[in-house]
Amino acid sequence: MELLLESRAIKGAIDQARVLLQNRRVVVCMGDRLALMCLCLTEPIRPVVLGAATTEDEGFQLVRRTKPDLLICSSDLETGYGIDLIKRVHAELPTCQRLIVLVRETQAVVREAMDAYADGVMFKSSFGTGRGDFIQALQTLSEGQAYYPEEIRRLGAQALRSDLPPLVEPLSDREIEVVSLIAKGLSNQSVANQLLISIETVKTHVVNATGKLGAQGRTQLVVKAIAYGLIDPLA
């Protein structure tokens, strides 16, 4: 794949990233040292990076010390495992959003990332393709939404959990419709606009669905809806 570095699209992505990251506090953890250096030295990202590491333990200590609001990591690290780092950060600093880049594209790895409640999941191979776009991930996370592009949702839906307890009460058709749109990264207002209902009605459906699924927050809501097979990833 050739990157047209002087193209309007690339320049637009750089400008958009600068806006999305300007008030962020970011820690980056990747096993590939070249990728780590290139990402951290990229103009829009460099000013907001608090620290970078290549191992799970170093990344965790950076998070504990610097208290970022966004962790970007890859699944493959020099030592340790990126998904385990996501779990540790979730337990230590739940306010920090967690975006993980998966190197292997398997149902098992996607399920691991979902079970770790990563706020954003994308494949390394999707960079620059328009599928699982990094800028779109930053945009979605900046709006407080979970970022699970279609490819991730599809594999997640194929790796259904058999060990989940039965739902105390099934979701209504409208609640499933709302959750499906949230899984695509839509805000409450965008869901309301698409379904032609009020934002207060959307919030009510979100609260009801969250309670029925035993979820805490929008990321868990999306993950559990996928795990229970309630979401059609291609819809």
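This is a short chat about a predicted model of one protein chain.

Me: Hi! What should I know about the model before we start?
Reply: It is predicted, so local features need pLDDT of at least 70 and side-chain atom pairs count only at pLDDT 80 or more, while totals for chains, interfaces and linings use all residues. Residues are numbered from 1 along each chain as its sequence is written, and side-chain values use heavy atoms, with hydrogens and water left out.

Me: How much of the protein chain is buried?
Reply: Of its 235 residues, 49% count as buried, meaning under 20% relative accessible area with a 1.4 Å probe, protein chains only.

Me: Switching to Gln220: where is it?
Reply: Gln220 sits in helix H11, which covers residues 217-227.

Me: Is Gln220 buried or exposed?
Reply: Gln220 counts as buried because its relative accessibility is 10%.

Me: Which residues does Gln220 touch?
Reply: Leaving out residues up to four places away in sequence, Gln220 touches His90, Tyr117, Gly214 and Ala215. A contact means heavy atoms within 4.5 Å.

Me: Back to the whole chain, then. What share of contacts join residues at least 24 apart?
Reply: Among contacts between residues at least 6 apart in sequence, that share is 64%.

Technical notes
Buried < 20%, exposed > 50% of the residue type's maximum accessible area, 1.4 Å probe, protein only. Helix = DSSP H or I, 4+ residues; strand = E, 2+ residues; numbered from the N terminus.
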